[in-house]
Amino acid sequence: MAEVLKGAAGSAAGAAAVEVYKDGRSLLTSAGSRIANVIDLKKNYKKLMQEARKLWELRDGIETEISKHRINQVTREWIVKVEVITREVGELETKYNDEKKNPRRLVRVWQHSNLSKDMADKHGQVQILLEEGKLKRGVLVAELPEPVMKIHAPKIEDNPSLCKVVEDVVSFLKDEQIRIIGIWGTMGTGKTTIMQNLNNHQEIAKMFDIVIWATLSKECSLEKFQGAIMQRLKLNVESTVSIEENAWTISEELKGKKCLILVDEIFDFIDLNKVMGIQDNLKSKVVLASRLRDICKEMEADELINVKPLLWSME
């Protein structure tokens, strides 16, 4: 009986020793992990701030380059998440800077380790938002209108008079004091050909963020003209919305952009400010084409170009 008890006691002692050993290893592992976190604190801070800056730059890019009314609900929710994590990153940065100002606190390994781990975790969350944002920006950018939509334009290299008009218009467009240019002349003088070549002009494409071509014939109403501009800008055209509301939408879309509007075949006065809020977009410029000089003057053209009759018809 004594031998049995002795054996049992030995087994119990051995098992206890094993448990103590395991607990010891667990404590050492935990301590080692925390010490590693302390060592990685500075590195985790740098990684977090680098990715956070990329995230902020992406958010600012979306809000700056893409009009507010184009940003869908999903992207707005993403922006809210970015704002939340920005505050959280700011709190971690404050704690980190506080630790740097008080180096004696570094002996508090546990607290220091938690800060490092929090930064590593937050870095992972920032990376996820960054990847989500890149995808959303790609979709939104794909929905933006093309800077230039090229159209068929007869070649004018062999026609010095038309080439001269195009060169004069390009020169006027470079002048900051000139906003509206009027091209006038009788039917068949090549006005439409000039306008088409302006639309496709490589130098003009470099001068403006977007070039808009529109035709305003006798049969074209104000609503149809406005709708054509909105379609060119890939904006939703709702028949229930008023001309004034659509004008505000167009103006907001073009805000801050250098825009050139080419309006061909104008037969009567049209208030471009009423159609698209042109007065609010100081970087925008307009080239008009009409048979009548008075129409160009009434639409406050800063410069007038008279296109003389040609021997062959181009309109």
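**Entry 1: α8 and α9**

I began with the contact between α8 and α9 in this predicted model. On the α8 side I listed L222, E223, Q226, I229 and M230, and on the α9 side I found I243, N246, A247, T249 and I250.

Next I looked up the geometry. I noted that two packed helices are described by the angle between their axes and by the distance between those axes. For α8 (residues 222-232) and α9 (residues 243-254) the angle is about 25°, and the axes lie 11 Å apart. Angles under 35 degrees count as roughly parallel, so I wrote down α8 and α9 as roughly parallel to each other. I also checked the hand of the α8 and α9 crossing, and it is left-handed.

**Entry 2: α5 and α6**

How do α5 and α6 pack, and at what angle? I found about 50° between α5 (residues 160-173) and α6 (residues 191-199), with 10 Å from axis to axis. I therefore put α5 and α6 down as oblique to each other. The crossing in which α5 passes α6 is right-handed.

I went on to the residues that make this contact. From α5 I have L162, V165, V166, V169 and V170, and from α6 I have T193, I194, N197 and L198. Seven of the residues in the contact of α5 with α6 are nonpolar and two are polar, with no charged residue.

**Entry 3: S284**

Then I turned to a single residue. Is S284 buried or exposed? S284 is buried, because its relative accessible area is 1% and the cut-off for buried is under 20%. I placed S284 in the loop that runs between α10 (272-276) and β4 (285-290). Leaving aside residues up to four places away in sequence, I found S284 touching R179, K257, C259, I261 and I278.

**Entry 4: confidence**

The protein chain has an average pLDDT of 82, and 81% of the residues score at least 70.

Which element has the lowest mean pLDDT? I found that helix α1 (residues 2-39) does, with a mean of 48, while strand β1 (residues 180-184) has the highest mean, 96. I also marked residues 20-37, where pLDDT stays under 50. For residues 20-37 I noted nine contacts in the model beyond four places in sequence.

Key. Residues are numbered from 1 along each chain as its sequence is written. This is a predicted model: local features need pLDDT of at least 70, side-chain atom pairs count only at pLDDT 80 or more; totals for chains, interfaces and linings use all residues. Side-chain values use heavy atoms; hydrogens and water are left out. Helices (H or I, at least four residues) and strands (E, at least two) are DSSP runs, numbered from the N terminus. Buried means under 20% relative accessible area, exposed over 50%, partly exposed in between (1.4 Å probe, protein chains only). Contact means heavy atoms within 4.5 Å. Axes are lines fitted to C-alpha atoms, for helices over the stretch in contact, and angles run from 0 to 180 degrees between N-to-C directions. Angles under 35 degrees count as roughly parallel, over 145 as roughly antiparallel, 65 to 115 as roughly perpendicular and the rest as oblique. A crossing is left-handed if the near helix is turned anticlockwise from the far one by less than a right angle, and right-handed if clockwise. pLDDT is the predictor's confidence in each residue, from 0 to 100. Ala, Val, Leu, Ile, Met, Phe, Trp, Tyr, Cys and Pro count as nonpolar, Asp, Glu, Lys and Arg as charged, and the others, Gly among them, as polar.
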